[in-house]
Amino acid sequence: MFQYIIRRLLIAIPVLLGVTVFNFFIINLAPGNPVDMYINPDTTQADIDAKKEALGLNDPIYIQYFRWLGNLLQGDFGFSYTTYEPVLDLVLNRVGPTLLLMSTALIIAYIIAIPIGILSATKQYSWIDYLTTTFSFLGVSIPNFFLGLGSIYVFALVLNILPTGGMFTLGSNGGFADTLFHLIMPAAILGTAIAGSTVRYVRSSMLEVLGQDYLRTARAKGLKEFIVTNKHGLKNALIPIITIIGMEIPILIGGAVVTEQIFQWPGLGQLTIQSISSRDYPTLMAINFIAALAVLFSNLITDILYAVVDPRIKYN
Amino acid sequence: MSIPNVKMDTDLPVNNVVIPVQEQLGNEESYLKLITKRFFKHKLAVGGLIIFSLMVLIAVFAPVIAPHNPYSVDGEFAAPPSAVNILGTDEVGRDLFSRLLYAARVSLSVGVGAVAIYVAIGTILGAIAGYFGKWVDMVIMRITDIFMSFPYLMVILVLVSIMGPSLFNVILVLGLLGWPSIARLVRGCVLTIKEMDYVKAGVALGYSTPKIVFQHILPNCIAPILVNATFGIASAIIMEASLSFLGMGVQPPTASWGNMLNEAQSITVLATQPWLWIPPGVMILLAVLSINFMGDGLRDAMDPKSLK
């Protein structure tokens, strides 16, 4: 087991390096130049050259890459081109809200998806099953931003029971209840798309398990149907679902960009959009790198968890 | 399109599950007939097909159907629906109904264009990795891992904004980044098929490698590719809409359902001018939903496990 984890980590290293290369080059081969942001009618060519020199933009691209990578390994992500703050601080300030949003969304999605998926599988081809299927497709197909705008319209503007956005009431200093109040809508919306696809996975995984011999044995022992499904069945059906969580993390991060923008949630997604419009390359690189790291890490955890939960899996 | 002589007596990996095949089918005609028959039994899929066909008709005949020029400013600003402008006008006085129709062209071309590009890339890379194996496979699969590590929407946002947001660039970026899942799928399929005796016979007969890969192996992988591509069109349409909504996709004056919703980011528009944002949102939902239903129908119809 320990060996398996080590091997899995070793495979992740070249991938991570590849991520840094890809990340660095797409952003730095861009035609735009951060120095463009400083140009005003009074700027002379000498000023521009000095600024370029100061930012290290005159060096060959591979030198810039190794410098960036070297700094990265020391935890130095450079300084933001727009606010001059250390990028690491800028990004770390935003990680919390995004993690809060994403984890709440994931929890909401699973609380909805697991019981519905089970119900849909145990009542296969009934009207409940068709209704769930239709709704799960709706959940997957509705664009996040349309659902978000619609919900703001209904819950914040018409019914006036939830705030339109932000993380806490302006002027107040937040607090748990206030944040929770602001969290409900964005998290539910981010969770919808995930819930839609998860219902399908739970259903098919459950159907697979329900046909197994050991469930027939459990029934033959005289166990109640509820125990058979929810204890013996569900336990085994959940194993493949662990891998699904790993697959859903990148979707969740992408969805967070849109959701945060609509609800003015002060997270990484919102920072991404701001950095794109101000061509703040160091910040963009840091966000992309951290997001990719999160994806790699969640894949790693998924693989390990999978091996822990299912002893039949061979480590090589 | 024609599905070449597909012999379904192999283990086809559909959705990463290797499914034992129970069907022995003689020729392509009966296979196509069987799939069509199964597809039309799937009510939601048929509904999806009808709505999708309507969308295609709207896109093709937009200039004929549209009552106004989608680019000309001839109405009042943000006028509510009336007899002249049946869905009202937008913030600069263009007819919304006409723009809605023209936007179907954008969404469908992004869907089909992007998926065509990435299916081509993914199929070729996956086939090379699966057929040659060893270090070639290793390298291609690690590159696939790298591409899969980035949160899709974030990289697309960055790339599109670097290349300059436009319809062409959106198609290109979605196409260049979407291939990893197809590559994995094709690789898995090729790995299974290449061990079959008839492929070995082809090698023994001295056929060229491209001929073996493209004519003898890949036709057996068409079913899963087709299913994956159908769902891919739906997600490409959502992706374009999201990008355009964020202002990083198709730029006005070109109409896209996504950029028509962009204005609704303002609370005033959201609250007082629902005709501006509800219709394009519903159109995206309808387009994506209908394609997803079709994909589901296709998957069920091509699933060798089902016996119907």
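Residues are numbered from 1 along each chain as its sequence is written, and chains are lettered from A, with ligands numbered from 1, in the order in which they are written. In this predicted model, local features need pLDDT of at least 70 and side-chain atom pairs count only at pLDDT 80 or more, whereas totals for chains, interfaces and linings use all residues.

**View 1. Overall fold of chain A.** Chain A contains eleven helices and zero strands, where helices (H or I, at least four residues) and strands (E, at least two) are DSSP runs numbered from the N terminus. Its sequence pattern reads α-α-α-α-α-α-α-α-α-α-α. The C-alpha trace of chain A spans about 85 × 55 × 35 Å along its principal axes. Of its 316 residues, 35% count as buried; a residue is buried if 20 or more other C-beta atoms, placed from the backbone, lie within 10 Å of its own, exposed if 12 or fewer, and partly exposed in between.

View 2. The unreviewed UniProt entry places the feature "transmembrane region" at residues 9-30, 99-122, 134-159, 179-202, 237-258 and 285-309 of chain A. UniProt positions follow the numbering used here, feature names are shortened, and annotations may be inferred rather than shown by experiment. Residues 99-122 of chain A are 100% helix and 0% strand, with end C-alpha atoms 34 Å apart. For residues 134-159 of chain A, the end C-alpha atoms lie 27 Å apart and the span is 88% helix and 0% strand.

View 3. Helix H3 (residues 61-73) of chain A has 13 residues and should span 18 Å at 1.5 Å a residue, which agrees with the 18 Å between its end C-alpha atoms; the expected span is 1.5 Å times one less than the number of residues. H3(A) is followed by A:Gly75, whose phi is positive, near 80°. In the loop between H3 and helix H4 (87-122) of chain A lies A:Thr82. A:Thr82 counts as partly exposed because it has 17 C-beta neighbours inside 10 Å. Not counting residues up to four places away in sequence, A:Thr82 touches A:Ser278 and A:Asp280, contact meaning that C-beta atoms, placed from the backbone, lie within 7 Å.

**View 4. The side of chain B that touches chain A.** Contacts join 35 residues of chain B to 36 residues of chain A. The elements giving two or more residues to this side of chain B are helices H5 (134-149), H6 (152-163), H11 (222-245), H13 (267-272) and H14 (274-302). H6(B) gives the most, with nine residues. By class, this side has 28 nonpolar, five polar and two charged residues; Ala, Val, Leu, Ile, Met, Phe, Trp, Tyr, Cys and Pro count as nonpolar, Asp, Glu, Lys and Arg as charged, and the others, Gly among them, as polar.

**View 5. The largest nonpolar core.** This core has 151 residues, and those with the most contacts inside it are B:Ile156, B:Leu157 and B:Ile237. A nonpolar core is a set of buried Ala, Val, Leu, Ile, Met, Phe, Trp, Tyr and Cys residues joined through C-beta atoms within 7 Å. Helix H4 (residues 96-132) of chain B supplies the largest share, 19 residues. Leaving aside neighbours within four places in sequence, B:Ile156 is in contact with B:Val173, B:Leu174, B:Leu177, B:Met239 and B:Leu243.

Conventions:
Two residues are in contact if their C-beta atoms, placed from the backbone, lie within 7 Å.
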